[in-house]
Amino acid sequence: MRTAKEVAAVLVVGAALWATEPNAATRRWWAHVTALSNDSLQGRNTGSEGYRKAAAYVVQQFERNGLKPAGEKGFYQTVPLHEVRFRADQSTVELARANGGEKLGWLTDISIPARLGTPETIDAPLVFAGSGETPADLDLKGKILVQLGGGGRGAGGPRNGIAGTMSIDTTGGPEPPRWPVQYAVQMTIADAAAGGGRGGAGGGLALRFNPASAVKLFEGSGHTYKELLEAREAQKPLPWFALPGTLKAHLVFDSVDLQSDNIVAALP
């Protein structure tokens, strides 16, 4: 004979199984999730064979559910695109100091947008951008301004002549930026890209830095990353100061025209 405790355990298990039994709509939804997340689609990258397989699957489901084609070629609407991809595997970066250099990792320590017009080489000293106006005795020309991400960092005033900016990602908020960065790609409509310098050229050098590696930037500066975060948290002014290092990098970008399809349907 079962004890009351054993009977209760059986009832709890039975109730849990009953509560989680999927209905027909849930099973259909899960079938779509399984099909479109299958490894054989290899991520469904825009313009790839995996994307074309996914598009064919969507068309098949539309047809089964009575939708009518509303694209240029049946359900398909061709979209001409231009892709710019940063080749982290072929690019290099280091933090050079008087006592030697420290190699950094693209997409693990530091990241850059995929954008044509970005120089092939970077060779620029670093300056930490504190609160308020730039001190009169601090020359920013040709420098990269390092700043704390997440707002509240001050750093007002003109920035003419700087080589670029490098923002250390914030670790707070509901969904902080994730590291390592998986890739750096820019996709634009082909005609728009051609009319605007292809790939969005220009706009200045804008780098991101992994907060988990930020301590490297401040070595030998007389300041620490932790100290600066605490000062900002306490709403204290942040100092301006030169960082004892030069960012040296060689950058490689690939550029290619491709096409991908929208799937367009109408429900009568």
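The model is predicted: local features need pLDDT of at least 70, side-chain atom pairs count only at pLDDT 80 or more, and totals for chains, interfaces and linings use all residues. Residues are numbered from 1 along each chain as its sequence is written, and side-chain values use heavy atoms, with hydrogens and water left out.

**Overall make-up**
- The protein contains five helices and 13 strands (DSSP runs, H or I of at least four residues for helices and E of at least two for strands, numbered from the N terminus).
- Of its 268 residues, 31% count as buried (under 20% relative accessible area, with exposed meaning over 50%, for a 1.4 Å probe and protein chains only).
- Among contacts (heavy atoms within 4.5 Å) with a separation of 6 or more, 70% join residues 24 or more positions apart.

**Helix α5**
- In α5, residues 225–233, the buried residues are Y225, L228, A231 and R232.
- These buried residues line one face of the helix, because they fall within an arc of 125° seen down its axis (taken from the directions from the helix axis to the C-beta atoms).
- K226 and E233, on the other side of α5, are exposed.
- The cover over the buried residues of α5 includes β6 (121–128), β7 (144–148), β8 (164–168) and β11 (241–250).
- Q235, which follows α5, has a positive phi, near 60°.

**Residue T118**
- T118 sits in the loop between β5 (110–111) and β6 and is buried, with a relative accessible area of 15%.
- Apart from neighbours within four places in sequence, T118 contacts I112, L205, L251 and F253.
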